[in-house]
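Subject: Structure for your files

Hello,

Here is the structure I said I would pass on.

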Amino acid sequence: MNRSLKSLAALAALLLVNACTETGGRPMDTVDQVDLQRFMGDWYVIANIPTFVEKGAHNAIESYALNPDGTIATTFTFHKDAFDGPLKTYNPKGFVLDRETNAHWGMQFIWPFKGDFRIVWLAPDYSVTVIGRAKRDYVWIMARTPEIAPATYGEILTFLAGIGYDTDRIQRVPQQWETAG
């Protein structure tokens with residue numbers, strides 16, 4: 001337990017230090033509008049520029065639930081270093097910072113620090129999304145299913161390069177789920 005708290009504290013400090021600066025002074029636009037109810041639920045992490053906590057993640061899933069007070073209960077789970085590795089679970093809380101678009105959040109791992117969390121790409125059917133940060137240091141490509149079409153993945157990488165990300169740093173997150181049958 002102590003190791004997890006230290007990891008969360010370090011992650012919170014890292015996100016806080018990096019949250020205030022945008023790369024090259026260029027702002028990072030978000031999507032125009034997010035329907036929070038539609039956005040809630042499970043998202044498989046397809047690829048990312050991982051934080052140190054996420055390195056070696058397998059079967060990573062980020063789940064969101066809207067709380068009555070408008071905050072977002074978040075559960076991030078994954079297996080460390082292998083599909084059968086130890087299960088890790090983190091529960092940061094999301095705060096919608098831009099109520100006009102619902103696309104800019106603060107993600108709080110440890111009070112009072114909130115990391116930058118911006119919905120920068122969202123499929124019209126809410127099947128695929130991309131979460132970025134103004135500093136362009138971390139990114140998460142997520143989908144409602146454990147896989148996305150190669151063409152969609154390529155389109156997202158082109159988009160991310162266009163907004164200033166070093167796409168060579170983006171890593172696929174291994175997803176392997178058994179289907180009933």
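Predicted model: local features only at pLDDT ≥ 70, side-chain atom pairs only at ≥ 80, totals over all residues.

Residues are numbered from 1 along each chain as its sequence is written, and side-chain values use heavy atoms, with hydrogens and water left out.

Asp81 also has a positive phi, about 70°, without being a glycine. Its place is in the loop between β3 (72-80) and β4 (87-90). With a relative accessible area of 53%, Asp81 is exposed.

Two further loop residues are worth a look. Arg133 sits in the loop between β8 (128-132) and β9, and its relative accessible area is 0%, so Arg133 is buried. Arg133 and Met28 are 105 residues apart in sequence, yet their C-alpha atoms are 7.7 Å apart in space. Ile163 is in the loop between α3 (150-162) and β10 and, at 18% relative accessibility, counts as buried. From Ile163 to Asp29 the separation is 134 residues in sequence and 8.8 Å in space, C-alpha to C-alpha. Leaving out residues up to four places away in sequence, Ile163 touches Arg26, Met28, Val120 and Arg136 (contact means heavy atoms within 4.5 Å).

**The chain as a whole**

The chain has three helices and 10 strands. In sequence order the pattern is α-α-β-β-β-β-β-β-β-β-β-α-β. Of its 181 residues, 47% count as buried. Taking contacts between residues at least 6 apart in sequence, 57% join residues at least 24 apart. The accessible surface of the chain is about 9300 Å², and 54% of that belongs to carbon and sulfur atoms; areas come from the Shrake-Rupley method with a 1.4 Å probe, and for residues only the protein chains shown count as cover.

**Strand β1 and its partners**

Which strands pair with β1 (residues 41-49)? Strand β2 (residues 57-66) does so in the antiparallel sense over four bridges, where two strands pair if DSSP finds at least two bridges between them. In this pairing Asp42 stands opposite Ser63. Strand β9 (residues 139-143) is joined to β1 by five bridges and runs antiparallel to it, with Ala143 as the bridge partner of Tyr44. Strand β10 (residues 171-172) is also antiparallel to β1, through two bridges, and there Ala47 stands opposite Arg172. Strand β1 is mostly covered, with seven of its nine residues buried.

**Aromatic rings and the core**

There are 10 aromatic pairs. Rings of Phe, Tyr and Trp (its six-membered ring) pair if their centres lie within 6.5 Å; planes under 30 degrees apart count as stacked, over 60 as edge-to-face and the rest as tilted. Trp105 and Phe117 are stacked, because their ring centres are 4.8 Å apart and their planes are at 15°. This pair links distant parts of the chain, with Trp105 in strand β6 (residues 104-110) and Phe117 in strand β7 (residues 113-122), 12 residues apart. Both residues of the pair, Trp105 and Phe117, are buried. Together with Phe39, Trp43 and Tyr64, they form one aromatic cluster.

The largest nonpolar core has 49 residues, and those touching the most other members are Val34, Phe39, Tyr64, Trp105, Ile119, Ile141 and Leu160. A nonpolar core is a set of buried Ala, Val, Leu, Ile, Met, Phe, Trp, Tyr and Cys residues joined through side-chain atoms within 4.5 Å. Strand β1 gives the largest share of this core, six residues.

Two arginines sit over rings: the charged end of Arg144 is 3.8 Å from the ring centre of Trp43, and Arg172 lies over the face of Tyr153 at 4.2 Å from the ring centre. The rule is that NZ of Lys or CZ of Arg is within 6 Å of the ring centre and within 35 degrees of the ring normal.

Regards

Technical notes: Buried < 20%, exposed > 50% of the residue type's maximum accessible area, 1.4 Å probe, protein only.
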